[in-house]
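Could you walk me through this structure as someone meeting it for the first time?

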Amino acid sequence: MAGTTMAEVMAELAALDDPRAREVNERHGDDHGVNLGKLRALAKRLKTQQELARELWETDDTAAKLLALLICRPKAFERADLDRMVREARTPKVHDWLVNYVVKKSPHAEELRVAWSADPDPVVASAGWALTTERVAKKPDGLDLARLLDVIEAELKGAPDRLQWAMNHCLAQIGIDHPAYRARAIDIGERLEVLKDYPTPPNCTSPYAPVWISEMVRRQRA
């Protein structure tokens, strides 16, 4: 589908909009009605089209932005592009896909991680913490894990929801992947009790850090 026009793609997205899917998505803060499986199928047909991706991103349509993130070339974006995009990604799914599918693959990821982690906007800061969690798991050399735990201990309890979720994930990841810091990570989680009562479906792991850490360590040992 190379050469597909913007108008054709927007028409297809409009045709895929399902009121029932929109109702479900809106309960999670996402204002679109396109089934994500069908969105991925459309992206697979379109293949990588960077210029079309840029056009889709510039719309005010959440489904179009999600599609843009699936068909873009992550390494083609400049640092300033990604910084602008994370500030424009105000729905949870767009924010999540931008960080995980695009920024993590960018040569600017580390520079943005440092800048975003200190950003006064809590949603932008949550992107920085998501990138930090990725480093904790995959490239921890050079990270001051004790300092990260200091910051989490001081700021996690009072952080806004999305920032709190990202910081809590980092806390759990440190405890899971770094035995030397596991006891402290669990202690911080137990004292702060962040997400302790989060409703967790059967067969899913609680996001409460002490439970999350213990369960993932148990699986690793098994």
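Let us begin with charged side chains that pair up. A salt bridge here is a side-chain nitrogen of Lys or Arg within 4 Å of a carboxyl oxygen of Asp or Glu, and by this rule the count comes to 22. Bear in mind that this is a predicted model, where local features need pLDDT of at least 70 and side-chain atom pairs count only at pLDDT 80 or more, while totals for chains, interfaces and linings use all residues. Residues are numbered from 1 along each chain as its sequence is written, and side-chain values use heavy atoms, with hydrogens and water left out.

One of these bridges joins Arg-22 to Asp-17, with 2.7 Å from N to O. To describe how open such residues are, we call a residue buried under 20% relative accessible area, exposed over 50%, and partly exposed in between (1.4 Å probe, protein chains only). Arg-22 is partly exposed at 28%, and Asp-17 is partly exposed at 29%.

Another bridge links the side chains of Arg-87 and Asp-119, again with an N to O distance of 2.7 Å. Arg-87 sits in helix 6 (residues 79-88) and Asp-119 in the loop between helix 8 (109-117) and helix 9 (122-138), so this pair ties together parts that are 32 residues apart in sequence. Helices (H or I, at least four residues) and strands (E, at least two) are DSSP runs, numbered from the N terminus. Arg-87 counts as partly exposed at 33% relative accessibility, whereas Asp-119 is buried at 15%.

Further along, Glu-153 and Arg-191 meet in a salt bridge of 2.5 Å, N to O. Glu-153 belongs to helix 10 (residues 145-155) and Arg-191 to helix 12 (residues 182-192), so the pair ties together parts that are 38 residues apart in sequence. Glu-153 is partly exposed at 27%, as is Arg-191 at 46%. Bridges that share partners join Asp-150, Glu-153, Arg-184, Asp-187 and Arg-191 into one network.

Now for the nonpolar cores. A nonpolar core is a set of buried Ala, Val, Leu, Ile, Met, Phe, Trp, Tyr and Cys residues joined through side-chain atoms within 4.5 Å. The largest one holds 36 residues, and Leu-56, Leu-67 and Leu-98 touch the most other members. Several helices supply at least two residues each, including helix 1 (6-16), helix 3 (36-46), helix 4 (50-57) and helix 5 (62-71). Helix 5 gives the largest share, 7 residues. What does Leu-56 touch, not counting residues up to four places away in sequence? With contact meaning heavy atoms within 4.5 Å, its partners are Met-6, Val-9, Met-10, Ala-64, Lys-65, Leu-67, Ala-68 and Ile-71. A second, separate core has 29 residues, among them Leu-156, Ala-172, Ile-176 and Ala-185.

Next come the empty spaces. Rolling a probe the size of a water molecule over the atoms shows where empty space is left. On a 1 Å grid over the protein atoms alone, a cavity is a set of points where a 1.4 Å probe fits but cannot get out, and a pocket is an open set with protein on both sides within 12 Å along at least five of seven lines; lining residues have an atom within 4 Å of a point. Grid points are joined across faces, edges and corners, and a volume is the space filled by probe spheres set on the points.

The largest pocket has a volume of about 870 Å³. It is lined by 26 residues, of which Pro-92, Asp-96, Arg-162, Trp-165 and Ala-166 lie nearest its centre. Helix 7, helix 9 and helix 11 (161-177) are the elements that give two or more residues to this lining. The lining divides into 11 nonpolar, 8 polar and 7 charged residues, where Ala, Val, Leu, Ile, Met, Phe, Trp, Tyr, Cys and Pro count as nonpolar, Asp, Glu, Lys and Arg as charged, and the others, Gly among them, as polar.

The second largest pocket has a volume of about 260 Å³. Helix 9 provides the largest share of its lining, 4 residues, and the lining as a whole comprises 3 nonpolar, 1 polar and 7 charged residues.

Finally, a search of the whole structure finds 1 cavity of 30 Å³ or more. The largest cavity has a volume of about 40 Å³, and helix 4 gives the most to its lining, with 3 residues. That lining divides into 7 nonpolar, no polar and 1 charged.
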